[in-house]
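Please consider the model shown below. The briefing that follows treats its loops, its aromatic contacts and its helices in turn.

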Amino acid sequence: MASLPNVPNLFLDSEKAEFDAAVADIASGEASVFALRCHNLPASAELTETLATAFLFTNAILMARSQRKIVKLVTLDVADEALRYSYANSFRALFDSEFSSLENVERWHGYLEARQHVAVGALEDTQKAIEFFRHAGISRSASALHRADVYMGIENVPATDSAGGQFAFDDANIYAPKLAGAHSDTAIALKSVFLADGVKVRTGRRGQNVVIELDCAEADTGIREWLAHIERILALDFYRLGV
């Protein structure tokens, strides 16, 4: 894919190399995957914060349930390459800042609740993640300094391309899609499917891997649906469930 003239790579080679370590953890079974695939992204500055907030809030719920390290992934589907840089840098700014600290669980909840994306009761599950850090002997100040390590990919653009991200999804096998980095790749096992307006959620056995595909043209509806049903999605080992 041709890139804009005189524009640097979307991600540095060193950033792409960081994904190799994540691939090794996933391939060895030491880590599970939580991915948000953002399809049909429009030009919207506010949407970046909404997506990042919903992603981090859901990750906190997963942390309370998972017995493994979670590798966090976000992919962007943006046709306009100039807009792609804007989205990538906006997500970088949010994930690399104090905004992504687990200390902000209530802030994320308030943001989503104000936009009618989530019910009050959902906060109870995310509190379990905070309790984990406390019982692990990690101080409040250390938790506040925590930043979410999130790898970013570009839909339909390989990581080896200058316009690509740190990885890309290869969907040749829908039950075992590949995460393809610039230098290595691995497949993840997916079994169950949850379908609702604006969103599809695929999970591995007992919710081990979670891949959310969001149609950003219906972002509000899709986010509301996935958060409203996250308990059912993670608690059941189902084959196919829709609402």
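**Structural briefing**

Asn156 is located in the loop that runs between β3 and β4, where helices (H or I, at least four residues) and strands (E, at least two) are DSSP runs numbered from the N terminus. The model is a predicted one, in which local features need pLDDT of at least 70, side-chain atom pairs count only at pLDDT 80 or more, and totals for chains, interfaces and linings use all residues. Residues are numbered from 1 along each chain as its sequence is written, and side-chain values use heavy atoms, with hydrogens and water left out.

**Loops and backbone**

- Asn156 is not a glycine, yet its phi is positive, at about 65 degrees.
- Asn156 counts as exposed because its relative accessibility is 69%; exposed means over 50% relative accessible area, buried under 20%, and partly exposed in between (1.4 Å probe, protein chains only).
- Asp161 belongs to the loop between β3 (150–154) and β4 (167–170).
- Asp161 has a relative accessibility of 11% and therefore counts as buried.
- Between the C-alpha atoms of Asp161 and Asn9 the separation is 8.5 Å, although these residues are 152 residues apart along the chain.
- In the loop between β1 and α2 lies Asn40.
- Asn40, a residue other than glycine, has a positive phi near 55 degrees.
- With a relative accessible area of 45%, Asn40 is partly exposed.

**Aromatic pairs and charges over rings**

- Rings of Phe, Tyr and Trp (its six-membered ring) pair if their centres lie within 6.5 Å; planes under 30 degrees apart count as stacked, over 60 as edge-to-face and the rest as tilted.
- The count by this rule is 7 aromatic pairs.
- One of these pairs is formed by Phe34 and Phe55, which are stacked at 4.6 Å centre to centre with 10 degrees between the planes.
- This pair links distant parts of the chain, since Phe34 is in strand β1 (residues 31–39) and Phe55 is in helix α2 (residues 45–65), 21 residues apart.
- Phe34 counts as buried because its relative accessibility is 0%.
- Phe55 is likewise buried, with a relative accessible area of 0%.
- A cluster linked by ring pairs comprises Phe34, Phe55, Tyr87, Phe91 and Phe95.
- Arg37 lies over the face of Phe169, 4.0 Å from the ring centre; a charge sits over a ring if NZ of Lys or CZ of Arg is within 6 Å of the ring centre and within 35 degrees of the ring normal.
- Arg115 places its charged end over the ring of Tyr111, at 3.6 Å from the centre.

**Helix α4**

- Buried residues in helix α4 (residues 105–114) are Val105, Trp108, His109, Tyr111 and Leu112.
- These residues are on the same side of α4 because they cover an arc of only 160 degrees around the axis, the arc being that of the directions from the helix axis to the C-beta atoms.
- Glu106 and Ala114, on the other side of α4, are exposed.
- Gln116 follows α4 and has a positive phi, near 60 degrees.

**Packing of α2 and α3**

- Helix α3 (residues 81–95) packs against α2 at an angle of about 45 degrees, and the axes are 10 Å apart.
- That angle makes α2 oblique to α3; angles under 35 degrees count as roughly parallel, over 145 as roughly antiparallel, 65 to 115 as roughly perpendicular and the rest as oblique.
- Axes are lines fitted to C-alpha atoms, for helices over the stretch in contact, and angles run from 0 to 180 degrees between N-to-C directions.
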